[in-house]
Amino acid sequence: KFDMRAYLFVASTNPYVVYFNPGYIRRSLALYKPSSTEKNDVLTNYHVQMNREDFKAEDAMWSFPQFIEYLQEEGLCEACGDIELALAKISRLVFDAGREYYKRFPGSFQIVGLDFMMDAYLNVYFIEGNVSPGLGAHKLKWKTQLMDDLVTLMYKQTTLIHERPDEYDMRIGERVFGPYGNYWELVVHEQHEKCNKKEYGFNPCKELKNEGSFDEPEPTTDDTDDTDDGDED
(Lines give C-alpha, C1' and ligand atoms only; values in the text may rest on other atoms or scores of the structure.)
Protein backbone atom coordinates (compact mmCIF):
# COMPACT_ATOMS: atom_id res chain seq x y z
CA LYS A 1 0.00 0.00 0.00
CA PHE A 2 1.18 3.50 -0.75
CA ASP A 3 0.01 7.06 -1.05
CA MET A 4 1.35 10.18 -2.72
CA ARG A 5 2.25 13.41 -0.93
CA ALA A 6 2.09 16.35 -3.33
CA TYR A 7 2.56 20.02 -2.51
CA LEU A 8 0.53 23.12 -3.25
CA PHE A 9 2.30 26.46 -2.77
CA VAL A 10 0.14 29.57 -2.52
CA ALA A 11 2.75 32.21 -3.34
CA SER A 12 0.29 35.10 -3.28
CA THR A 13 -3.31 35.61 -2.20
CA ASN A 14 -3.74 39.02 -3.85
CA PRO A 15 -3.67 38.21 -6.71
CA TYR A 16 -3.85 34.44 -6.33
CA VAL A 17 -0.68 32.79 -7.62
CA VAL A 18 -0.46 29.05 -6.89
CA TYR A 19 2.15 26.39 -7.72
CA PHE A 20 2.14 22.58 -7.67
CA ASN A 21 4.82 19.92 -7.14
CA PRO A 22 4.16 16.13 -7.38
CA GLY A 23 6.13 15.45 -4.19
CA TYR A 24 6.99 11.86 -3.33
CA ILE A 25 5.62 8.41 -2.49
CA ARG A 26 5.04 6.97 1.00
CA ARG A 27 4.96 3.18 1.23
CA SER A 28 3.84 0.60 3.76
CA LEU A 29 6.57 -2.02 4.23
CA ALA A 30 3.98 -4.74 4.86
CA LEU A 31 2.19 -6.65 2.13
CA TYR A 32 -1.25 -5.16 1.68
CA LYS A 33 -4.05 -7.17 3.27
CA PRO A 34 -7.54 -5.64 2.88
CA SER A 35 -8.75 -7.28 6.10
CA SER A 36 -5.83 -6.07 8.24
CA THR A 37 -6.42 -3.54 11.03
CA GLU A 38 -2.75 -3.20 11.96
CA LYS A 39 -1.43 0.35 11.70
CA ASN A 40 1.82 -0.80 10.12
CA ASP A 41 -0.12 -2.48 7.33
CA VAL A 42 -2.56 0.25 6.37
CA LEU A 43 -0.92 3.55 7.33
CA THR A 44 1.93 4.80 5.17
CA ASN A 45 2.98 7.68 7.43
CA TYR A 46 6.72 7.78 8.01
CA HIS A 47 6.38 7.94 11.80
CA VAL A 48 4.19 4.81 11.77
CA GLN A 49 6.43 2.81 9.45
CA MET A 50 9.61 3.71 11.35
CA ASN A 51 8.41 1.55 14.27
CA ARG A 52 8.78 -1.59 12.20
CA GLU A 53 11.83 -3.79 12.84
CA ASP A 54 12.58 -3.99 9.10
CA PHE A 55 12.26 -0.23 8.59
CA LYS A 56 14.52 1.48 6.07
CA ALA A 57 13.85 5.08 5.04
CA GLU A 58 14.81 4.37 1.42
CA ASP A 59 12.12 1.66 1.27
CA ALA A 60 9.43 3.66 3.05
CA MET A 61 9.81 6.68 0.76
CA TRP A 62 10.35 6.90 -2.97
CA SER A 63 10.95 9.96 -5.07
CA PHE A 64 8.29 10.67 -7.68
CA PRO A 65 10.69 9.87 -10.58
CA GLN A 66 11.54 6.54 -8.89
CA PHE A 67 7.83 5.73 -8.69
CA ILE A 68 7.28 6.53 -12.37
CA GLU A 69 10.29 4.41 -13.30
CA TYR A 70 8.82 1.48 -11.33
CA LEU A 71 5.47 1.78 -13.16
CA GLN A 72 7.27 1.78 -16.50
CA GLU A 73 9.40 -1.23 -15.60
CA GLU A 74 6.25 -3.13 -14.57
CA GLY A 75 4.60 -2.24 -17.87
CA LEU A 76 1.76 -0.40 -16.14
CA CYS A 77 2.18 2.71 -18.26
CA GLU A 78 4.52 4.05 -20.93
CA ALA A 79 5.24 7.76 -20.57
CA CYS A 80 3.09 7.90 -17.38
CA GLY A 81 2.70 11.67 -17.71
CA ASP A 82 -1.05 11.46 -17.14
CA ILE A 83 -0.46 10.68 -13.46
CA GLU A 84 1.33 13.93 -12.73
CA LEU A 85 -1.16 15.82 -14.90
CA ALA A 86 -4.07 14.41 -12.89
CA LEU A 87 -2.36 15.30 -9.61
CA ALA A 88 -1.89 18.87 -10.79
CA LYS A 89 -5.50 19.20 -11.97
CA ILE A 90 -6.95 17.83 -8.73
CA SER A 91 -4.62 20.07 -6.70
CA ARG A 92 -5.96 23.02 -8.66
CA LEU A 93 -9.51 21.91 -7.86
CA VAL A 94 -8.66 21.58 -4.15
CA PHE A 95 -7.39 25.15 -4.15
CA ASP A 96 -10.48 26.39 -5.98
CA ALA A 97 -12.67 24.72 -3.35
CA GLY A 98 -11.02 26.75 -0.59
CA ARG A 99 -9.85 29.95 -2.24
CA GLU A 100 -12.72 32.04 -0.84
CA TYR A 101 -11.58 31.28 2.72
CA TYR A 102 -8.14 32.86 2.36
CA LYS A 103 -7.58 36.26 3.98
CA ARG A 104 -6.02 38.21 1.16
CA PHE A 105 -3.19 40.04 2.88
CA PRO A 106 -0.30 41.43 0.79
CA GLY A 107 2.81 39.30 1.27
CA SER A 108 0.98 36.25 2.68
CA PHE A 109 1.82 32.76 1.40
CA GLN A 110 1.34 29.10 2.39
CA ILE A 111 2.47 25.58 1.54
CA VAL A 112 -0.05 22.73 1.78
CA GLY A 113 0.56 18.98 1.68
CA LEU A 114 -2.01 17.06 -0.39
CA ASP A 115 -2.37 13.28 -0.06
CA PHE A 116 -3.58 11.02 -2.86
CA MET A 117 -4.25 7.34 -3.52
CA MET A 118 -4.33 5.43 -6.81
CA ASP A 119 -6.53 2.62 -8.10
CA ALA A 120 -5.65 -0.31 -10.36
CA TYR A 121 -6.35 1.82 -13.44
CA LEU A 122 -3.83 4.46 -12.30
CA ASN A 123 -6.60 6.95 -11.51
CA VAL A 124 -5.64 9.19 -8.60
CA TYR A 125 -7.97 10.25 -5.80
CA PHE A 126 -7.59 13.07 -3.28
CA ILE A 127 -7.62 11.93 0.37
CA GLU A 128 -6.90 15.00 2.49
CA GLY A 129 -4.85 18.16 2.86
CA ASN A 130 -2.39 19.19 5.54
CA VAL A 131 -1.83 22.91 6.14
CA SER A 132 1.34 22.22 8.14
CA PRO A 133 3.19 19.52 6.15
CA GLY A 134 6.51 18.14 7.33
CA LEU A 135 9.50 19.16 5.23
CA GLY A 136 12.09 16.86 6.77
CA ALA A 137 14.63 15.03 4.60
CA HIS A 138 14.98 11.88 6.77
CA LYS A 139 18.64 11.56 5.65
CA LEU A 140 17.57 10.73 2.10
CA LYS A 141 19.66 12.49 -0.54
CA TRP A 142 16.84 12.93 -3.06
CA LYS A 143 14.48 14.28 -0.38
CA THR A 144 17.13 16.68 0.91
CA GLN A 145 17.50 18.00 -2.62
CA LEU A 146 13.73 18.15 -3.11
CA MET A 147 13.18 20.16 0.06
CA ASP A 148 16.15 22.46 -0.63
CA ASP A 149 14.79 23.27 -4.09
CA LEU A 150 11.17 23.74 -3.01
CA VAL A 151 11.90 25.94 0.00
CA THR A 152 14.49 28.04 -1.83
CA LEU A 153 12.14 28.56 -4.76
CA MET A 154 9.29 29.44 -2.39
CA TYR A 155 11.35 32.26 -0.93
CA LYS A 156 12.50 33.53 -4.33
CA GLN A 157 9.06 33.42 -5.96
CA THR A 158 7.27 35.00 -3.00
CA THR A 159 9.85 37.79 -2.82
CA LEU A 160 9.67 38.39 -6.56
CA ILE A 161 5.86 38.50 -6.70
CA HIS A 162 5.46 40.86 -3.75
CA GLU A 163 8.52 43.09 -4.02
CA ARG A 164 9.10 43.21 -7.79
CA PRO A 165 5.74 42.35 -9.40
CA ASP A 166 6.66 44.06 -12.67
CA GLU A 167 9.39 41.43 -13.18
CA TYR A 168 7.05 38.49 -12.67
CA ASP A 169 5.77 37.10 -15.96
CA MET A 170 4.93 33.38 -15.72
CA ARG A 171 2.09 31.61 -17.50
CA ILE A 172 -0.04 28.74 -16.23
CA GLY A 173 1.75 25.46 -16.94
CA GLU A 174 5.24 26.97 -16.80
CA ARG A 175 7.78 25.73 -14.27
CA VAL A 176 10.51 27.30 -12.20
CA PHE A 177 13.42 24.96 -11.39
CA GLY A 178 15.86 24.69 -8.50
CA PRO A 179 19.56 23.68 -8.67
CA TYR A 180 18.72 19.96 -8.26
CA GLY A 181 16.09 19.90 -11.00
CA ASN A 182 13.01 19.98 -8.77
CA TYR A 183 10.35 22.49 -9.65
CA TRP A 184 7.15 24.33 -8.89
CA GLU A 185 4.59 24.39 -11.71
CA LEU A 186 2.22 27.34 -11.95
CA VAL A 187 -1.42 26.16 -11.81
CA VAL A 188 -3.29 29.34 -10.82
CA HIS A 189 -2.71 32.94 -11.84
CA GLU A 190 -5.72 35.09 -11.03
CA GLN A 191 -4.83 37.93 -13.38
CA HIS A 192 -4.56 35.55 -16.34
CA GLU A 193 -7.88 33.96 -15.43
CA LYS A 194 -9.59 37.35 -15.52
CA CYS A 195 -8.01 38.32 -18.84
CA ASN A 196 -8.64 35.04 -20.67
CA LYS A 197 -11.27 32.80 -19.12
CA LYS A 198 -11.48 30.61 -22.23
CA GLU A 199 -7.78 29.69 -22.18
CA TYR A 200 -7.21 29.55 -18.43
CA GLY A 201 -10.65 28.50 -17.23
CA PHE A 202 -10.92 25.20 -15.38
CA ASN A 203 -13.83 22.76 -15.80
CA PRO A 204 -13.35 19.89 -13.29
CA CYS A 205 -16.09 17.74 -14.84
CA LYS A 206 -14.24 17.85 -18.15
CA GLU A 207 -10.66 17.85 -16.89
CA LEU A 208 -10.94 15.11 -14.26
CA LYS A 209 -12.86 12.36 -16.04
CA ASN A 210 -11.29 9.05 -15.01
CA GLU A 211 -10.20 6.45 -17.52
CA GLY A 212 -11.08 2.78 -17.00
CA SER A 213 -13.32 3.26 -13.98
CA PHE A 214 -14.66 0.11 -12.36
CA ASP A 215 -18.27 0.86 -13.26
CA GLU A 216 -17.64 2.11 -16.78
CA PRO A 217 -20.51 0.97 -19.07
CA GLU A 218 -19.80 -1.20 -22.07
CA PRO A 219 -19.74 0.74 -25.35
CA THR A 220 -22.78 0.29 -27.59
CA THR A 221 -22.92 0.18 -31.37
CA ASP A 222 -25.67 1.12 -33.77
CA ASP A 223 -25.74 -1.11 -36.85
CA THR A 224 -28.58 0.79 -38.49
CA ASP A 225 -26.37 3.53 -39.94
CA ASP A 226 -24.28 2.33 -42.90
CA THR A 227 -23.01 5.79 -43.81
CA ASP A 228 -19.35 5.71 -44.88
CA ASP A 229 -17.46 8.40 -42.97
CA GLY A 230 -14.21 7.74 -44.84
CA ASP A 231 -12.35 6.48 -41.75
CA GLU A 232 -11.51 2.77 -41.86
CA ASP A 233 -9.95 2.77 -38.38
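My entries follow, backbone first and salt bridges last.

**Ground rules.** I'm working on a predicted model, so local features need pLDDT of at least 70 and side-chain atom pairs count only at pLDDT 80 or more, while totals for chains, interfaces and linings use all residues. Residues are numbered from 1 along each chain as its sequence is written, and side-chain values use heavy atoms, with hydrogens and water left out.

**Backbone.** I reminded myself that most residues other than glycine have a negative phi, and most peptide bonds are trans. I looked up the bond from N14 to P15 and found it cis, with omega near 5°. P15 sits in the loop between β1 (2-13) and β2 (16-27). For the element names, I took helices (H or I, at least four residues) and strands (E, at least two) as DSSP runs, numbered from the N terminus.

Next I checked phi. C80 has a positive value near 65° and is not a glycine; its place is the loop between α4 (64-73) and α5 (81-98). L122, also not a glycine, has a positive phi of about 70°, and I found it in the loop between β4 (110-118) and β5 (124-130).

Is C80 buried or exposed? My cut-offs: buried is under 20% relative accessible area, exposed is over 50%, partly exposed is in between (1.4 Å probe, protein chains only). C80 comes out buried at 8%.

**Helix α5.** I did a length check, with the expected span being 1.5 Å times one less than the number of residues. The 18 residues of α5 should span 26 Å, and the end C-alpha atoms are 27 Å apart, which agrees.

**Salt bridges.** How many are there? I counted 10, using a side-chain nitrogen of Lys or Arg within 4 Å of a carboxyl oxygen of Asp or Glu.

R5 and D115 pair up at 2.5 Å, N to O. That links distant parts of the chain, with R5 in strand β1 and D115 in strand β4, 110 residues apart. R5 is buried at 5% relative accessibility, and D115 is buried at 3%.

R99 counts as buried at 18%, whereas D96 is partly exposed at 24%.

Last one: E167 and R164 meet at 3.1 Å, N to O. E167 is exposed at 54%, and R164 is partly exposed at 36%.
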